[in-house]
Amino acid sequence: MQHGVRRVVLDVLKLRDPPLPELAMRLSSIPNIDGVNISLVEIDQNTESVKIAIEGSNINIEKIQKLMKDYGAVIHSIDEVVVGKKMVTI
Amino acid sequence: MNKVKLYIQVTHVSDIARRYFAMNGFDGSMTVLGVILGAWITGVKDPKVIVMTGFGACLAMGVSGFFGAYITEKAERRRQLRELEESMLEDLDDSLHRDASEFASALTAITNCLSPALTAAISLVPFIFSMFGVIPIFNSYIASFTLTSLTLFSIGIYLGRVAGENVWLYGIQMLMAGLVITIILFLLGEFA
């Protein structure tokens, strides 16, 4: 049985609006996503750098990328991806 | 509905729409007050003249308010969007910020159009009744003057609430503006 992506951590630059709770809620409403954690790394006049950790089963990264684009956010890098039967940590 | 809420949150348009509503609502009331007082001083007995003059002024204010606010707001929002694009080093054409920006311009324009028309229409209602023979013209003048004063006072109360300060003081300040125009017009009427 294929488990797909179970966890992904993203480095994202977003505009200050919409605020973090709104983005987190919207991300968590994507199918197969069980939980979202957004941490603020740096704040600027118009933008925020954030780390977004998403957990679930068979996460569709393309849907996440599309949502980010819709919300005026840019994924700088995918910092972590976990796939498989077991959640492996470094 | 959620999208509308999101657009309002992103653009912070409620602040500016509130300002436009009060400012232009006040303008609408004052303009029609001027029309009504002018008609009273010159002894206009035909309610149709007052209704048509008042609605003409309302319509002009509404149309000018719509286009003026839409074009101004659109220009401002475009500039803000460009600033955001520069901050992100990214094109925001497909983002909700572009749609939210269009929405904010339209909402501001509609508010700017409807608020003077609404407050002006309130003052003209008694004359519409008079047109259909429901009440005599003299009573229309009294009723309209009372309604206009109440509208001005209500706008003041609303602004007092927005400021979180003494609402009665704000209400009275608005009424004073109406009183000033009344005194000036009666004085002009004396000399005319």
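Chain A holds an open sheet of 4 strands in the order β2-β3-β1-β4, paired antiparallel. Strands here are DSSP runs of E with at least two residues, helices are runs of H or I with at least four residues, and both are numbered from the N terminus; two strands pair if DSSP finds at least two bridges between them. At the edges sit β2 (33-43) and β4 (74-83) of chain A, each pairing on one side only. From one strand to the next, the twist averages 15°. Axes are lines fitted to C-alpha atoms (for helices, over the stretch in contact), and angles run from 0 to 180 degrees between N-to-C directions.

The model is a predicted one, so to speak of a local feature takes a pLDDT of at least 70, side-chain atom pairs count only at pLDDT 80 or more, and totals for chains, interfaces and linings use all residues. Residues are numbered from 1 along each chain as its sequence is written, chains are lettered from A and ligands numbered from 1 in the order in which they are written, and side-chain values use heavy atoms, with hydrogens and water left out.

Back to the sheet. β2(A) and β3 (residues 47-56) of chain A run antiparallel and are joined by 9 bridges; A:N37, for one, has A:A53 in β3(A) as its bridge partner. Helix α1 (residues 20-28) of chain A packs on the sheet, touching β1 (5-15), β2 and β3 of chain A, where contact means heavy atoms within 4.5 Å. The direction of this helix makes about 155° with that of β2(A).

Now for how the two chains meet. The contact takes 15 residues from chain A and 14 residues from chain B. About 1,200 Å² is buried between them, with carbon and sulfur atoms giving 63% of that area; buried area is the accessible area (1.4 Å probe) that two parts lose on being put together, summed over both. In chain A, the residues that lose the most area to chain B are A:L15, A:D17 and A:K69, together 37% of what that side buries. Between the chains there are 0 salt bridges (a side-chain nitrogen of Lys or Arg within 4 Å of a carboxyl oxygen of Asp or Glu). On the side of chain A that touches chain B, β1 and α2 (61-70) of chain A each give two or more residues, and β1(A) gives the most, with 3 residues.

A few backbone details are worth a look. Most residues other than glycine have a negative phi, and most peptide bonds are trans. The bond from A:D17 to A:P18, however, is cis, with omega near 0°, and A:P18 lies in the loop between β1 and α1 of chain A. A:N32 is not a glycine, yet has a positive phi of about 75°; A:N32 is in the loop between α1 and β2 of chain A. With a relative accessible area of 41%, A:N32 is partly exposed (buried means under 20%, exposed over 50%, partly exposed in between, with a 1.4 Å probe and protein chains only). In chain B, B:H12 likewise has a positive phi, about 55°, without being a glycine.
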